[in-house]
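My plan is to look up one thing at a time and note what I find.

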Amino acid sequence: MFVLELTYTAPVERVDALMAEHITWLDEQYAAGVFIASGRKNPRDGGVILAVGEDRAAIEEIAAADPFAAQGVCAYRITEFIATKTAPALAPYRQQLP
């Protein structure tokens, strides 16, 4: 499992100009089963995405395809973790330690 933290590197007006494209990209990743939660940070200086996947390189490639990243209005920090405990609704995403 991965936590993708976005930090805006451009004024919010430039971010907002790309928001429709960013939402389309998000919707594609939800439909593909990669993203399971996302939203803005408060204060609004970026966002957070919770993603599932076996391959960090694939997650990095997905993040690079975000219009925000492609247009240089945000930087990504990707943290991988092993979700050994979850809420009951997220039980399908639980992982075993190696």
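Which helix and strands each supply at least two residues of the lining of the largest pocket? I find strand S1 (2–8), helix H2 (19–31), S2 and S3, where helices (H or I, at least four residues) and strands (E, at least two) are DSSP runs numbered from the N terminus.

Before going on, I note that this is a predicted model, in which local features need pLDDT of at least 70 and side-chain atom pairs count only at pLDDT 80 or more, while totals for chains, interfaces and linings use all residues. Residues are numbered from 1 along each chain as its sequence is written, and side-chain values use heavy atoms, with hydrogens and water left out.

**Pocket.** I looked up the lining and found 14 residues, of which His22, Leu26, Gly39, Arg40 and Gly47 lie nearest the centre of the largest pocket. By class the lining has eight nonpolar, five polar and one charged residues, with Asp, Glu, Lys and Arg counted as charged, Ala, Val, Leu, Ile, Met, Phe, Trp, Tyr, Cys and Pro as nonpolar, and the others, Gly among them, as polar.

**Helix H2.** I checked the length of H2 and found its end C-alpha atoms 18 Å apart, which agrees with the 18 Å that its 13 residues should span at 1.5 Å a residue; the expected span is 1.5 Å times one less than the number of residues. Met19, His22, Trp25, Leu26 and Gln29 are buried in H2, buried meaning under 20% relative accessible area, exposed over 50% and partly exposed in between (1.4 Å probe, protein chains only). Seen down the helix axis, these buried residues of H2 fall within an arc of 120 degrees, so they line one face; the arc is that of the directions from the axis to the C-beta atoms. On the other side of H2, I find Ala20 and Ala31 exposed.

**Backbone.** Just after H2, Gly33 takes a positive phi of about 80 degrees. I also noted a cis peptide bond from Asn42 to Pro43, with omega near 10 degrees, and Pro43 sits in the loop between strand S2 (35–40) and strand S3 (46–51). For reference, most residues other than glycine have a negative phi, and most peptide bonds are trans.

**Asp16.** Last, I looked up Asp16, which lies in helix H1 (residues 12–17) and is partly exposed, with a relative accessible area of 37%. Asp16 and Phe68 are 52 residues apart in sequence, yet 9.7 Å apart in space, C-alpha to C-alpha.

Definitions and conventions: On a 1 Å grid over the protein atoms alone, a cavity is a set of points where a 1.4 Å probe fits but cannot get out, and a pocket is an open set with protein on both sides within 12 Å along at least five of seven lines; lining residues have an atom within 4 Å of a point.
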